[in-house]
Amino acid sequence: MSITLTGEQKRILTLPLVNPIQLKGVAGSGKTTVAIYRAKHLLANTDDLFRVTRVCIFSYSNSLIKYVRCIMGNDVNYQNRIQVATFHKWAYSFLWNKNFWLNHSVAKDNLICDIISACLTELRAIYPKRAILSKTPEFYKEEISWLKGRQTTSQEEYLEAKRVGRGTADRVTSQDKELLWKLYSDYCRKLKERNCVDFDDYALLVIEYLEKDTNFKPPFSHIVVDEAQDLTPAQLVVITKLVNSETNSLTIIADAAQRIYKSGFTWSGLGINIRGGRTVELKHNYRNTRQVADAAVSLLLHDPQQSDFSEHVLPERDGPKPKILFLPNGEQKKFLIKKLKEIDFTKQSAAILHRNRQGNTNLSFDLKSAGFNPLNIIEPQVREIHSVGLYTCTMPSVKGLEFDHVFLCDMNDDLIPYPQGFSDENDELHISTERRLVYTCMTRARETLHIIYTGQPSRYLSEIDPVTVERE
């Protein structure tokens, strides 16, 4: 699959080959295409200057990696010289080479919850009346992840840190932080006693190894980071240590409007200088029709973090308005079958999206029983994602991808915003994060978009400007 730069995307050709740069872009502006072109451009233009050039594209998810590999094609020169990986896959491999996994394992979610519960039981026995110890499990998991993501090493550091993003009902006082630090310390100790680590430990462990290894040589001449807004500061610190100091070549590609994880940071806080004309903004949406983009942007207007978002230049290409449908009692399955039979999958693509894995599995089963052969993007045996065919996917795993036709299924209020993600009844951060997820999924559609609810409609459906959609 060849790469063709369009319009403002061609500005990538004028960017320097050394030192960090940032590409900000709205959904549909071609950020992933630009990321791949940038990687190839760096390889082609610096190989003589820096001897053997090695490039790495760090991508957000396994599904996006499959798409990137498909675009990269079968050119052996690129396959051998440009590595594509998620951060966690790269870090796991790094730790494997250090023999770390001989004596350690990754804690599953049920073990993490059990350890947190045990820590809470001990603390509640000592502090029975403290409200901060009566939150949901998600609250504590989120706080632990936040602390590890920022490499927080002491209670004093935690007390001084600005903990932004939580809703008004979810503020934590200094006294609360003291208890949360006790819980965090106990959690880390109990996890270590079991020779286990969680996913947020990957970055911390790699940093620890790199600081001890005085002979470590950065493996990459250039690094391109796609969907950088969803990495933690600790993960980005690791990535900065993997690039050769001669080039210091980091290409950071991000869109705050598509941040679907609850991280936050500034580049300068990580020691990355992208000031002085080193930021390029892609404002034009080349993917969607004007109608799809209009509806998606109208939803995004309800997000409280407007100042972080790139300016949108809506596309001129016309198409049908997105449709919002109420289809209860098995009608959703019948509707999907009817619409999918109208699509020629040798020429076009479609994606059936659901908020969780079980719903995704159920939809895949329904389609197979109706004679379709959908590829479930999150399954490891699906290695490439092409521009034609029928796919199913969870909503968080569809970032960076695009399809001619998109169907958002079971868009009910008991599924989106995702119930397990609430740390409190009025968790404004979770509500905002899930809104951006819906926006991201809406903007995957090149031609048509159908949003289906089968019960009480998700609150986000009422936030979409009714003028921009048709309701059936």
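This is a predicted model: local features need pLDDT of at least 70, side-chain atom pairs count only at pLDDT 80 or more; totals for chains, interfaces and linings use all residues.
By the rule applied here, the count comes to 25 salt bridges, of which several are described individually. Arginine 38, by contrast, is buried and has no salt bridge.

**A buried arginine without a salt bridge**

- Arginine 38 belongs to helix H1, which covers residues 31-46.
- Although arginine 38 is buried, it takes part in no salt bridge, and the nearest side chain of opposite charge, that of aspartate 226, is 12 Å away.

**Salt bridges between separate parts of the chain**

- Lysine 98 and aspartate 213 meet through their side chains in a salt bridge, with an N to O distance of 3.8 Å. This pair links distant parts of the chain, 115 residues apart, since lysine 98 sits in the loop between helix H4 (87-97) and strand S4 (105-106), while aspartate 213 sits in the loop between helix H9 (201-212) and strand S6 (222-225).
- Lysine 98 is partly exposed, with a relative accessible area of 32%, and aspartate 213 is likewise partly exposed, with a value of 27%.
- Lysine 148 and aspartate 198 also form a salt bridge through their side chains, at 2.9 Å from N to O. Lysine 148 lies in helix H6 (residues 137-149) and aspartate 198 in the loop between strand S5 (196-197) and H9, so this pair ties together parts that are 50 residues apart in sequence.
- Both lysine 148 and aspartate 198 are buried.
- Aspartate 303 forms a salt bridge with arginine 436, and the closest N and O atoms of the two are 3.1 Å apart. Here too the pair links distant parts of the chain, with aspartate 303 in the loop between helix H11 (290-300) and strand S9 (323-326) and arginine 436 in helix H14 (residues 428-442), 133 residues apart.
- Aspartate 303 counts as buried because its relative accessibility of 3% falls under the 20% cut-off, and arginine 436 is buried as well, with a relative accessible area of 4%.
- Salt bridges with shared partners join Arg287, Glu402, Asp404 and Arg446 into one network.

**Strand S2 and its neighbours**

- Strand S2 (residues 55-58) is covered on both faces, with Val55 and Ile57 buried on one side and Cys56 and Phe58 buried on the other.
- S2 runs parallel to strand S3 (residues 82-85), and four bridges join the two; within S3, glutamine 83 is the bridge partner of cysteine 56.
- S2 also runs parallel to S6, again joined by four bridges, and within S6 the bridge partner of phenylalanine 58 is valine 225.

- Helix H10 (residues 233-241) is mostly covered, as seven of its nine residues are buried.
- The buried residues in H10 are Pro233, Ala234, Gln235, Leu236, Val237, Val238 and Ile239.
- These buried residues of H10 pack against the strands S2, S6 and S7 (249-254), and also against the helices H4, H6 and H9.

Technical notes
Residues are numbered from 1 along each chain as its sequence is written. Side-chain values use heavy atoms; hydrogens and water are left out. Buried means under 20% relative accessible area, exposed over 50%, partly exposed in between (1.4 Å probe, protein chains only). Lys and Arg count as positive and Asp and Glu as negative; His and the chain ends are not counted. A salt bridge is a side-chain nitrogen of Lys or Arg within 4 Å of a carboxyl oxygen of Asp or Glu. Two strands pair if DSSP finds at least two bridges between them. Contact means heavy atoms within 4.5 Å.
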